[in-house]
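Here is a short tour in questions and answers. Look over the sequence and the model, then read on.

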Amino acid sequence: MRTLAIIFFLLGCNGGLVNAQPVKGLTGGIFKVEEKAPSNQPLHISDFRYQQDLSPNSFLNLPRTNPGAAFLSSAIIPGSGQAMNGKWVRAGIYFTAEVVGLIYHLDRNAKARRQEKSYEQFTHQNWSVMAYSQWLVQYSDANNLNQEKLGELRSQSFDDNGNPYSPNWGNTHADWNEIDISTLHDVENQTPFIFENHYGSEFSHELPQYGSQQYYELISKYYQYQPGWQDWYGEITTNPNQSTDLYRYMWNGQDQPFDMFYQGRNLAEEFNDNYRVAGNILKLLLVNHVVSAFDALFTVQLKNSRIETDTNLLKLEQFSVSWHF
């Protein structure tokens, strides 16, 4: 008690309001006695809170303190929000996934474009609208069909003596100057599938315009367009002894005896597969952006929550003693 009396006497000598700093008394209690502030303003509890050494107005520091900024940062560059908050492992995972995925996507996309160009060149060399039109006329004759525009299509693909014009293999675009596409469509729309034992519905498709995406897709996809390929034309359309069975659809492979149709189909499948893979990689990259963005958001929110918790605990542990003399 004598010690306490001495302390209070010294405090009284300083006069006025004083603040306490922690001092262990003889009884084991703790008094917090704070020294007089250098200014005329008394110290506040906020002076003892954790202070971040960051400028809230700094653009680069925003992802460290603002959850929304961290979200946006990682949404644009996966892993950047994590890196700004010292989460280097997670930042490396997101960023590596982004780089590897982007490289793989570009590689697959470039490969698909090369394969597509190769396929298009293959069709330019080996498929002709003239050859297809001539077969369509012969198909109609063999099955006693009489479409409204069949005579016009015949005059565009055969001479006056009934001899077929030679297709321009390697320059199939020239054949499109000879065949009127609307006439061809009219004949297609009135031509039924002739099966082995019965008539079916009309042809399922119209030949798309030359050079269109659908044009390249359909001529190697549907059996209807197989007679436009060069190997069929050389063996069937120009062969005077061809069997009438070849002007019927068996749907069992018997009416598709040549390879170019299947070669074209396989080439088309290759570049389409690579385009699909490239597209799927883009979807995974989008997922990487979204996951990284939300991870950065929760990281900053959790950090801010911990700082607030620590500050509140510090606030609860502080008290001051005021003694007026």
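**Helix packing**

H6 and helix H7 (residues 150-157) pack with their axes 9 Å apart, at an angle of about 135°. Helices here are DSSP runs (H or I) of at least four residues, numbered from the N terminus. Axes are lines fitted to C-alpha atoms, for helices over the stretch in contact, and angles run from 0 to 180 degrees between N-to-C directions.

This is a predicted model: local features need pLDDT of at least 70, side-chain atom pairs count only at pLDDT 80 or more, and totals for chains, interfaces and linings use all residues. Residues are numbered from 1 along each chain as its sequence is written, and side-chain values use heavy atoms, with hydrogens and water left out.

Q: Is H6 roughly parallel, roughly antiparallel, roughly perpendicular or oblique to H7?
A: The angle between H6 and H7 is about 135°. Angles under 35 degrees count as roughly parallel, over 145 as roughly antiparallel, 65 to 115 as roughly perpendicular and the rest as oblique. So H6 is, relative to H7, oblique.

Q: Is the crossing of H6 and H7 left-handed or right-handed?
A: A crossing is left-handed if the near helix is turned anticlockwise from the far one by less than a right angle, and right-handed if clockwise. For H6 and H7 the crossing is left-handed.

Q: At roughly what angle do the axes of H6 and helix H8 cross?
A: Helix H8 covers residues 181-189. H6 is oblique to H8, and their crossing is left-handed. The axes come within 11 Å and cross at roughly 40°.

Q: How far apart are the axes of H7 and H8?
A: H7 passes H8 in a left-handed crossing. The two pack at an angle of about 130°, so they are oblique to each other. Their axes are apart by 9 Å.

**Along H6**

Q: What is the distance between the end C-alpha atoms of H6?
A: H6 runs over residues 129-142, which is 14 residues. The expected span of a helix is 1.5 Å times one less than its number of residues. For H6 that gives 20 Å, and the end C-alpha atoms agree, at 20 Å.

Q: How many of the 14 residues of H6 are buried?
A: Buried means under 20% relative accessible area, exposed over 50%, and partly exposed in between (1.4 Å probe, protein chains only). Among the buried residues of H6 are Val-129, Trp-135 and Ser-140. H6 is mostly covered, and its buried residues number twelve.

Q: Which side chain makes a polar contact of 2.4 Å with the side chain of Ser-128?
A: A polar contact is a pair of N or O atoms within 3.5 Å; within protein, one must be able to donate a hydrogen and the other to accept it, and residues adjacent in sequence count only if both atoms are side-chain atoms. At 2.4 Å, the partner of Ser-128 is Asp-175.

Q: What is the phi of Asn-144?
A: Asn-144 lies in the loop between H6 and H7. At 72% relative accessibility, Asn-144 is exposed. Its phi is positive, in a residue other than glycine, and is near 55°.

**Aromatic pairs and a buried glutamine**

Q: How many residues apart in sequence are the parts that Phe-71 and Phe-294 tie together?
A: Rings of Phe, Tyr and Trp (its six-membered ring) pair if their centres lie within 6.5 Å; planes under 30 degrees apart count as stacked, over 60 as edge-to-face and the rest as tilted. The structure holds 20 such pairs. Phe-71 and Phe-294 form an edge-to-face one, 5.0 Å centre to centre with 80° between the planes. Phe-71 lies in helix H3 (residues 67-76) and Phe-294 in helix H11 (residues 260-317), so the parts tied together are apart in sequence by 223 residues.

Q: Which residue has its backbone oxygen 2.9 Å from a polar side-chain atom of Gln-224?
A: Gln-224 lies in the loop between helix H9 (213-218) and helix H10 (230-237). At 2% relative accessibility, Gln-224 is buried. The backbone oxygen 2.9 Å from its side chain belongs to His-205.
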